[in-house]
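Subject: Handover of a structure and its findings

Dear colleague,

Please find below the structure that I am passing on to you.

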Amino acid sequence: MQKELDNLKDILTFEKQNLEMAIYDCDKFSSLCNEKDAELKAALTEKRSLELRIPKLSSQGSKKTIPKELVDANNQVFEKIHEELKARSIFRTAEETKKRLLSEKSSLEEKIVELEKKSSESTAFFHQ
């Protein structure tokens, strides 16, 4: 029983390390999401600015450069949105891993408590 208890403690230690790594990754991905969100907002602002310039430029006779400029801006916005979605997907996966590890940790801690209780009961029984 002591061997099983020691084994569960080792597993718990390992799972705690995994949980710490998952929390670190989660924090890292959260920061990345925040950065990507700021970049996305900046790109959308730039896109709106370019869209507002279209009427002004078209009245000046620069119709040929506007569509390419607008297409490039849209492509940048779409690329940033795509990167944001990938980052959020990774973040969601990290959150799910964190939840799973917390659940496993709790389960292992319960098993350890049960085994320690059995171990102390067995020890008390043998000492009587």
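The notes below go from the whole chain to single residues.

Overall picture

Please bear in mind throughout that this is a predicted model. The protein chain has 128 residues, of which 22% are buried. Its secondary structure consists of two helices, with zero strands. Of the contacts between residues at least 6 apart in sequence, 87% link residues at least 24 apart.

The nonpolar core

Which residues make up the largest nonpolar core? There are six: Leu 5, Leu 8, Leu 12, Leu 108, Ile 112 and Leu 115. The elements that contribute two or more residues to this core are α1, spanning 2-59, and α2, spanning 65-127. As a general point, nonpolar side chains in soluble globular proteins tend to be buried together. Leaving aside residues up to four places away in sequence, Leu 8 touches Leu 108, Lys 111, Ile 112 and Leu 115.

The annotated region

The UniProt record, an unreviewed entry, carries the annotation "coiled-coil region" for residues 91-118. In the model, this stretch is 100% helix and 0% strand.

Lys 98 belongs to helix α2. It is partly exposed, because its relative accessible area of 24% falls between the limits of 20% and 50%. Its contacts include none of the residues up to four places away, which are not counted; those listed are Leu 19, Ala 22 and Ile 23. Lys 98 can also be compared in position with Asp 25: the two are 73 residues apart in sequence, while their C-alpha atoms are 9.4 Å apart in space.

Further residues in α2

Is Glu 84 buried or exposed? Glu 84, which is found in helix α2, is buried, because its relative accessible area is 4% and the limit for buried is under 20%. With residues up to four places away in sequence set aside, Glu 84 touches Cys 33, Lys 36, Asp 37 and Leu 40.

Ser 89 is likewise found in helix α2. At 35% relative accessibility, Ser 89 counts as partly exposed. Cys 33, one of the residues touched by Glu 84, is 56 residues from Ser 89 in sequence and 9.9 Å from it in space, C-alpha to C-alpha.

A residue in α1

Arg 53 lies in helix α1. Its relative accessibility is 35%, so Arg 53 counts as partly exposed. Between Arg 53 and Leu 70 there are 9.8 Å in space, C-alpha to C-alpha, and the two are 17 residues apart in sequence.

Aromatic rings

How many aromatic pairs does the structure hold? The number is zero. A ring does, however, take part in another arrangement: the charged end of Lys 28 sits over the ring of Phe 29, at 5.5 Å from its centre.

With kind regards

Methods
Residues numbered from 1 in each chain as written. Predicted model: local features only at pLDDT ≥ 70, side-chain atom pairs only at ≥ 80, totals over all residues. Heavy atoms only, no water. Core = buried A, V, L, I, M, F, W, Y, C linked by side-chain atoms within 4.5 Å. Buried < 20%, exposed > 50% of the residue type's maximum accessible area, 1.4 Å probe, protein only. Helix = DSSP H or I, 4+ residues; strand = E, 2+ residues; numbered from the N terminus. Contact = heavy atoms within 4.5 Å. UniProt positions renumbered as here; feature names shortened; annotations may be inferred. Phe/Tyr/Trp six-rings, centres within 6.5 Å; stacked < 30°, edge-to-face > 60°. Lys NZ or Arg CZ within 6 Å of the ring centre and 35° of its normal.
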